[in-house]
Amino acid sequence: MKICFIPIDNRPVCYNLAVDIAAIDKDIELFIPPREFLGSLTKYADVDKIYEWFKELPQVDKVILSLDTIAYGGLIPSRRANYSEKEIKERVLKFRSEWVKRKAKVLAFSSIMRISNNNYNEEEKEYWKDYGTRIFEYSYNTHKCSLGNLGSPIQNLIPKSILNDYLMTRQRNFNINKMYLEWQKLGYFDELIFSKDDCAEYGFNVKEAKELEKLGGKVITGADEIPISLLSRSIEKKLSVNPIFIEDDSKDLISNYEDVSIEKSVLNQLNLAGIEVKKDADITLIVNNFKDHQGEIIMKRPTELFSGDIKLPDSPYMIADVRNANGADNNFVEKILPQINLDNFYGYSAWNTSANSLGTLICVAKIKFNAKEYDDKAFKKVQMIRFLDDWAYQANVRQMIDKPQDIKNYMKLFEEKISKVLDIEIKNNYTYPWDRLFEVEVVDESV
């Protein structure tokens, strides 16, 4: 199967992970733009070069398309870019003419612009450092009180020029999303997903999501994982999964940065991947969920860690470790590592939000289970990276450092443990692609 995959940006979890997961089945030929064409934290994607690359592709069966990349230059630029609505439409229309010629199935997604509740502008417009929380409060209260054009008293605490710019950017992106929805009705997309991340109970993003749903759009909580979830969906083979929750009485609780219960998040991701949910299933999905609230190691928000015993099944299983947002549960990992039997192990994940972990984990399992030409080395590579990133780095080493630096010595003990579990030799380097601690890149140098 030949698949074109255009990611959100060049982060390891958006770019490398897609490549590594697809490699688990040698029958999948993944065409992905050169990494230098994609956007980063401070650089927009080179949309013209991606377009020329797209034009020169051979015939493919499926196109997995991050619309934010071709419209704005990436997910972060979708919040920052000052392009006019006309400019964006013209740019995306060029791509549309090309995918129509190809007659491939197009599975696409576009984000609903998030609203971060902080004064941190690393991924937002410059003014977010001074007015981020006020804009969030304005959005939240305006929606909650249904004040509409009457506005909210908080708007008086935000300079008019800044509020107008923010609202115009939101309206532009919302209009583009409504245009995509019309295109879907005309048959230009085989699948179209609108994503919402960093959600609260109320806000302009929640309001827009509901409006898109009323117009027939499909909205799902998540973001970074959705292109990989669409890769799962593009594998049109059957798979059934039985999700079980470590904290079964707490599966109705809501994860950080999401607006649905952890159970609903699991079911949404399985549905998006085209997977049947049933008791007597091909694979068991073990969810290490939280009791009272989801923890967050970096933000010093503790939670009750796993404290019981667990016996991994003898039948096929995969593990979503979502007790914390962005980082493994150390107690849980120490319990499962000695038990992992590679014959029936279909993956582990614990990176960032619950939806992020679930979407990518499910894709690994679906491709491994249905692989025409299974590559065990590729599967082990994905697992090595997930354990060393999600467990070793995020839950442990990241707590020992305060800036990007050489962490080889910190990682050695963890590498030794994972090397034994996966029965592989590990020769890694570790880099910081966005020059910040939030994401590390595990560079496999064993090849």
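**Cavities and a sheet**

Colleague: How many cavities of 30 Å³ or more does the structure hold?

Modeller: Rolling a probe the size of a water molecule over the atoms shows where empty space is left. Here the structure holds 4 such cavities (a cavity is a set of points, on a 1 Å grid over the protein atoms alone, where a 1.4 Å probe fits but cannot get out; lining residues have an atom within 4 Å of a point). The model is predicted, so local features need pLDDT of at least 70 and side-chain atom pairs pLDDT 80 or more, while totals for chains, interfaces and linings use all residues. Residues are numbered from 1 along each chain as its sequence is written, and side-chain values use heavy atoms, without hydrogens or water.

Colleague: Which residues lie nearest the centre of the largest cavity?

Modeller: They are Val13, Trp351, Gln394, Phe438 and Glu439, from a lining of 14 residues. This cavity holds about 120 Å³ of space (the volume filled by probe spheres set on the grid points, which are joined across faces, edges and corners).

Colleague: What is the order of the strands in the open sheet?

Modeller: Strands of a sheet pair through backbone hydrogen bonds, either parallel or antiparallel. In this sheet, 5 strands run in the order β8-β7-β9-β10-β11, with parallel pairing (strands are DSSP E runs of at least two residues, numbered from the N terminus; a pair needs at least two bridges). β8 (276-277) and β11 (345-349) each have a single partner strand, so one side of each lacks a neighbour in the sheet. β7 (residues 240-245) pairs with β9 (residues 283-288) over 5 bridges, and Ile244 has Ile286 as its bridge partner in β9.

Methods:
Helix = DSSP H or I, 4+ residues; strand = E, 2+ residues; numbered from the N terminus. 1 Å grid on protein atoms, 1.4 Å probe; cavity = no way out; pocket = protein on both sides within 12 Å on 5 of 7 lines; lining within 4 Å.
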